[in-house]
Amino acid sequence: MANEGGMIKGKQHNFEKNNHPNEKEGLVYGGIEKNCQQDRETDFSQSTMISVSRLLSPQFYAIQRSFVKMSAYAAQTARGVSHGSMAIKPPSHPTYDLKAVIKLALAEDAGDTGDVTCMATIPFDMEVEAYFLAKEDGIVAGIALAEMIFEQVDPSLKVEWMRKDGDYVHKGLKFGKVSGNAHKIVVAERVVLNFMQRMSGIATLTKLMADAAYPACILETRKTAPGLRLVDKWAVVIGGGKNHRMGLFDMVMIKDNHISAAGGIVDAIKSVDEYLKQKGLEMDVEVETRTLEEVKEVLEYVSGSKTRLTRIMLDNMVVPLENGDVDVTMLKDAVELINGRFETEASGNVTIETVHKIGQSGVTFISSGALTHSVKALDISLKIDTELALKVGRRTKRA
């Protein structure tokens with residue numbers, strides 16, 4: 001709800017009607033309901049080679065032009081997360097304590113002495129304004145988390161944003177401001193930027209992959225930075241992807257080692273069906289298949305048995321070619337065999353160059369570990385003297 005001057009207080013947002021693309025009405029493909037974030041305006045029919053610069057151009061993003069003022073977090077949940085000013089909420093996790101992760105990040109920076117440089121150079125009562133600067137184009141993520149960090153360092157710090165999580169930012173853009181005690185701002189600076197840069201890098205790559213994968217949904221994997229599982233997966237959602245299982249606890253995923261230890265793919269599925277029934281557990285079940293023969297084995301078993309299976313992974317059925325292209329014939333054959341009876345997930349040889357062709361094969365999902373395990377951070381800075389920072393940035397082609 002806007003107040004005077006067009007300013008919007010974050011905690012007044014109605015997030016039950018979140019207009020992030022992930023919340024769009026579900027679409028049905030092959031009998032499976034999907035609710036993917038996709039840029040409907042992007043047309044990849046002309047070429048299978050994806051132009052990264054084209055995907056990142058501002059015309060493909062609905063940028064909020066109004067100045068958004070995010071108020072300080074007045075109420076924290078039991079695990080330290082306030083949803084009041086979050087346009088895109090973090091994924092749920094039964095034991096993950098985001099507030100404790102922030103505390104650890106601040107503690108490892110401060111050590112047992114604190115910021116000796118700040119104490120030596122900055123008067124403790126000095127008040128300043130510092131601005132967030134984008135030093136390259138991309139999707140910004142971690143704004144809500146940054147607010148949590150500033151709140152933990154000093155609740156009196158005032159944070160304002162010209163963009164929100166999931167928005168496009170371009171090189172040289174001032175997209176946020178924090179004002180208050182200079183010492184506290186500088187103490188929080190590196191921790192805030194470490195989270196924001198990583199999250200923004202993940203969100204930017206996810207946006208590229210999600211748009212290219214359409215009509216399939218893009219997923220990350222469990223290949224996240226240790227201790228940052230929820231943060232990494234939150235960034236994927238901000239970028240327009242969907243989350244795969246959070247951990248070992250929220251979905252059964254029968255992979256190659258389980259199959260080998262169980263004595264075969266059918267025996268593994270049978271064991272899972274029996275275990276879930278005995279324990280009274282309700283959760284999705286996915287099985288990894290590596291050949292068309294394994295797909296046929298699974299389909300033969302489920303045709304005559306009651307099973308909890310919900311998804312079939314088609315692993316490494318995308319075959320790389322010498323010319324850099326990929327052959328998706330085996331993948332298409334597997335999708336045709338399954339014929340919409342289960343969700344399907346393509347895995348292996350997924351890159352920004354190949355994901356579009358994979359997405360056209362008819363699979364429901366495409367999973368990519370690269371979204372989180374080898375992502376390039378988006379360059380962002382927080383500067384008190386923005387004019388000098390921009391001058392230096394222009395000299396180094398980073399503004």
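**View A. T344 sits in strand β16, which spans residues 343-347.** Strands here are DSSP runs of E with at least two residues, helices are runs of H or I with at least four residues, and both are numbered from the N terminus. This is a predicted model, in which local features need pLDDT of at least 70, side-chain atom pairs count only at pLDDT 80 or more, and totals for chains, interfaces and linings use all residues. Residues are numbered from 1 along each chain as its sequence is written, and side-chain values use heavy atoms, with hydrogens and water left out. Is T344 buried or exposed? T344 counts as buried because its relative accessibility is 3%; buried means under 20% relative accessible area, exposed over 50%, and partly exposed in between, using a 1.4 Å probe and protein chains only.

**View B. The side chain of T344 meets the backbone nitrogen of T364 at 3.0 Å.** Setting aside neighbours within four places in sequence, T344 is in contact (heavy atoms within 4.5 Å) with residues including R311, V335, G362, T364 and F365.

**View C. F132 and F175 make a tilted aromatic pair.** The whole structure holds four aromatic pairs. Rings of Phe, Tyr and Trp (its six-membered ring) pair if their centres lie within 6.5 Å; planes under 30 degrees apart count as stacked, over 60 as edge-to-face, and the rest as tilted. This pair links distant parts of the chain, with F132 in strand β5 (residues 127-134) and F175 in strand β9 (residues 174-181), 43 residues apart. Both F132 and F175 are buried.

**View D. W161 and F175 are stacked, because their planes lie at 20° with the centres 6.3 Å apart.** Here W161 belongs to strand β7 (residues 158-161) and F175 to strand β9, 14 residues apart. W161 is buried, at 0% relative accessible area. Which residues make up the aromatic cluster? F132, F150, W161 and F175 form one cluster together.

**View E. The charged end of K174 sits over the ring of Y131, 4.9 Å from the ring centre.** For this label, NZ of Lys or CZ of Arg must be within 6 Å of the ring centre and within 35 degrees of the ring normal.

**View F. D232 lies in helix α6, residues 229-238.** D232 is buried, with a relative accessible area of 0%. Beyond neighbours within four places in sequence, the contacts of D232 are R198, I202, T224, A225 and T372.

Notes: Polar contact = N/O pair within 3.5 Å; in protein donor to acceptor, adjacent residues only side chain to side chain.
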